[in-house]
Amino acid sequence: MGRLEGKVAVITGGASGIGAETARRFIAEGARVLIADLQGDVANQLAAELGDNAAAVRCNVAREPDVKAAIDAAVERWGRLDILYNNAGFGGASGPLVDTAVEDYDMTMDVLLKSVFLGTKHAAPHMKAQGSGAIINTASVCAFEAGIGNQLYSVAKAGVVMMTKTAAIELAEHNIRVNAVCPGYITTPLAAGRPMGENEPERVERALGRLRERNEDNQPLHRAGEPADIAGMVLYLASDDAQWVTGQAMVVDGGLLAGRPWRDVPHWVTEPRDVAIYRPDA
Ligand code: NAD
């Protein structure tokens, strides 16, 4: 019997990277999964590949009607909602604050932080009615240390950690657990700087290969982080093994935040990447 047998999950940003690997893992553990992603075609393709226990909807997590519709679609299809994984994200506005346009600030916060509020707001009523539920949010090591990622990205992810805690104490009365996972450097299209919508498999694979090589030295554990490393933690938090765990921000980073590796690492640098802002509706 799978660790998520009979459970229904919604995964935002489930078409790629960490979200896609988590969708695969959840299905393998017996869950039914609705993938909600801005890349509707890619999400549909993955759902078709995963079989009858998967479905997909196009969703911009920065928009309340989209988020509500995605959650309602899962409940309508499978009659319940046990797990919400608020995971969609992007690099957000980059560069100095003094050069950042207010619209880019707003969009960064909308996609990375408001989305978590919206998901929680619309999932909680279903979970309250059932008397149980698990909400998991993707934050980042950037929530704890400045200079690893873009400034506003880091600010938003720190907000995700605090929203995890505030929601956890609000919803504990209803047996709804809320936790965050905080990944280190993970080999995904986002971290490889792939432009949104770039799905040409060979180019993506080449970019991931280069990133994996660069990332293997970055942390004490001497290999690059992979989506499966994060999916394992998300699975734990979603499962009944974690039934007394709430309000936590679980760091999964190969030891990055613990300190510098002992070995001689010539290129030990954390270069803030320039991830160009994109406009979901452009
Ligand atoms: P990814 O690009 O592979 O996947 C992100 C997914 O989110 C994509 O499918 C994209 O279409 C979707 N998305 C982006 N904006 C959206 C929106 N407005 N509405 C709906 N869907 C949207 O990247 P990933 O690395 O798997 O990222 C997943 C999460 O992990 C993000 O929240 C990211 O910030 C976080 N994270 C990643 C790393 C890393 O090193 N890769 C480290 C720490 C945290």
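Modeller: A residue is buried under 20% relative accessible area, exposed over 50%, and partly exposed in between (1.4 Å probe, protein chains only). This is a predicted model: local features need pLDDT of at least 70, side-chain atom pairs count only at pLDDT 80 or more, and totals for chains, interfaces and linings use all residues. Residues are numbered from 1 along each chain as its sequence is written, and side-chain values use heavy atoms, leaving out hydrogens and water.

Biologist: Which residues of helix α2 are called buried?

Modeller: In α2 (residues 40-50) they are G40, A43, L46, A47 and L50. Each is therefore under 20%.

Biologist: Why do you say the buried residues line one face of α2?

Modeller: Seen down the axis of α2, they fall within an arc of 130°, so they line one face. The face turned away carries D41, Q45, A48 and E49, which are exposed.

Biologist: What covers the buried residues of α2?

Modeller: The cover includes α1 (17-28), β2 (32-37) and β3 (54-58). Contact here means heavy atoms within 4.5 Å.

Biologist: What makes β3 and β7 edge strands?

Modeller: The open sheet has 7 strands, in the order β3-β2-β1-β4-β5-β6-β7, with parallel pairing. β3 and β7 (249-252) each pair on one side only.

Biologist: How do you know that β2 and β3 pair?

Modeller: Pairing needs at least two DSSP bridges between the strands. β2 and β3 run parallel and are joined by 5 bridges, so they pair. A36 stands opposite V57 in β3.

Conventions: Helices (H or I, at least four residues) and strands (E, at least two) are DSSP runs, numbered from the N terminus. The arc is that of the directions from the helix axis to the C-beta atoms.
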